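Me: I would like to learn how to read the features of a protein model, one at a time. Please give the general idea before each case.

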Amino acid sequence: MKPSRPLDMNVSDIPTFVVALAIAHAQEHGVPPERLLSGTGLNLDDIKNAGILISFRQAATIIRRMVRAIPDEPAGLAVGAKGALGSFGILGLAMLSSINIREAVAIGLTHHKEAGSLMDFSSELRGDEFAFILHERFPQPELLPFLCEEALSSIISLLRLALGEQVAPRRVEFSYAPPSYAEACGRFFQCPVHFGRAANRMVLDAALLDIPLTTSSPAILASSLKASVQALPVAEPMPDLVTSVESVLRGNLRERPTMTRVAAELNITERTLRRGLEAAGQSFSGIRDRLLERQARLLLEQPGQPIAAIAVELGFSDAREFRRAFHRWTGEAPSRFRQELPRADSE
């Protein structure tokens, strides 16, 4: 087992599932994605990309803007109810493929971070009651209602998908003051909802835990759990400043944006950007070259792409300049790299 890293809200380690649903919800209320994403180093394609990880800071910035853009609206309930599989991703399929609710709960508690959760979870079994308890990963008082309501509404939505719409908690408890839409919470959860309590939790009948699932499938469970884990990168997560710079550069490789321009897009000064990259052990030119090399390799794998056309695509003045750069990155010529690629007809 890998030792756990200290929590850092600037590390890119969160899949985008919940944030993507939040942006879609804001769009339904007329809020353009650009308004939510400005200065985060992310664009809508990044958010829709299941392979992209973002930091808690980026997620919190986007959700805070959404909450402020549509105040007095139960956005957390709406996002959590968008679709249990949408909130949980592949992990939701694994949970629905479990033998019973008890196994599904165990899987969810173990793997919830792989689904992009923004809260941490624990459970408690007392007598005939079972409770999901929420814990803040980082204190965010303004976002607490959204984070709690999204988390618990997605859980109950998954339970209703598995067992039927009649499933309801015994009670739901929130630590914050009643919001203006408090009555909507009661209607959604179909149970008493209390505010100003000591913890954020949802209490259910413990008998639910042993209900078998008609969707149980050991094969799907194994494959979906494997896919959920493999969806996360093996390498250590990068600071979000680095991934933000990568995102801006990736979308403009041919134009070769300067550090000044990238800093402006991230709403920081060039000096702050340089210092942040140095603290992360990175350099602006190093990040740019890494992305250029990666894209060059992908383009060279396409047999119909002339090297001169690849040079233009990557923003080089001519093929000679591209060849020199590729040799500097890899130690070999682009033509040599292409010759060494495995041929489809030789497999």
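**The sheet and its surroundings**

Reply: Five strands form an open sheet with mixed pairing, in the order S3-S4-S7-S5-S6. Strand S3 (119-126) and strand S6 (193-194) stand at the edges with a single partner strand each, so one side of each has no neighbour in the sheet. Strands here are DSSP runs of E with at least two residues, helices are runs of H or I with at least four, and both are numbered from the N terminus. Two strands pair if DSSP finds at least two bridges between them. The model is predicted: local features need pLDDT of at least 70, side-chain atom pairs count only at pLDDT 80 or more, and totals for chains, interfaces and linings use all residues. Residues are numbered from 1 along each chain as its sequence is written, and side-chain values use heavy atoms, with hydrogens and water left out.

Me: In which sense do S4 and S7 pair, and over how many bridges?

Reply: Strands of a sheet pair through backbone hydrogen bonds, either parallel or antiparallel. Strand S4 (residues 129-136) and S7 pair in the antiparallel sense, over six bridges.

Me: Why is strand S7 described as largely enclosed by the rest of the structure?

Reply: The reason is burial: five of the six residues of strand S7 (residues 200-205) are buried, so the rest of the structure largely encloses the strand. Buried means under 20% relative accessible area, exposed over 50%, and partly exposed in between, with a 1.4 Å probe and protein chains only. Over the chain of 347 residues, buried residues make up 48%.

Me: Which strands does helix H9 lie across?

Reply: H9 lies across S3, S4, S5 and S7, and runs at about 20 degrees to S7. Axes are lines fitted to C-alpha atoms, for helices over the stretch in contact, and angles run from 0 to 180 degrees between N-to-C directions.

Me: How is the packing of H9 with H10 to be read?

Reply: Two packed helices are described by the angle between their axes and the distance between the axes. For helix H9 (residues 144-163) and helix H10 (residues 182-189), the axes come within 11 Å and cross at roughly 20 degrees. H9 and H10 are therefore roughly parallel to each other. Angles under 35 degrees count as roughly parallel, over 145 as roughly antiparallel, 65 to 115 as roughly perpendicular and the rest as oblique. On the H9 side, Glu149, Leu152, Ser153, Ile156, Ser157 and Arg160 meet Cys185, Phe188 and Phe189 of H10. By class, this contact of H9 with H10 has five nonpolar, two polar and two charged residues. Ala, Val, Leu, Ile, Met, Phe, Trp, Tyr, Cys and Pro count as nonpolar, Asp, Glu, Lys and Arg as charged, and the others, Gly among them, as polar.

Me: At what angle do H15 and H17 pack?

Reply: Helix H15 (residues 284-300) packs on helix H17 (residues 319-330) at about 105 degrees, with the axes 10 Å apart. H15 and H17 are therefore roughly perpendicular to each other. The contact of H15 with H17 has, by class, six nonpolar, one polar and four charged residues.

Me: Where is serine 55 placed, and what does it touch?

Reply: Serine 55 is in strand S2 (residues 53-55) and counts as buried because its relative accessibility is 0%. Leaving aside residues up to four places away in sequence, serine 55 touches Met9, Asn10, Val11, Ser12, Ile14 and Asp240. Contact means heavy atoms within 4.5 Å.
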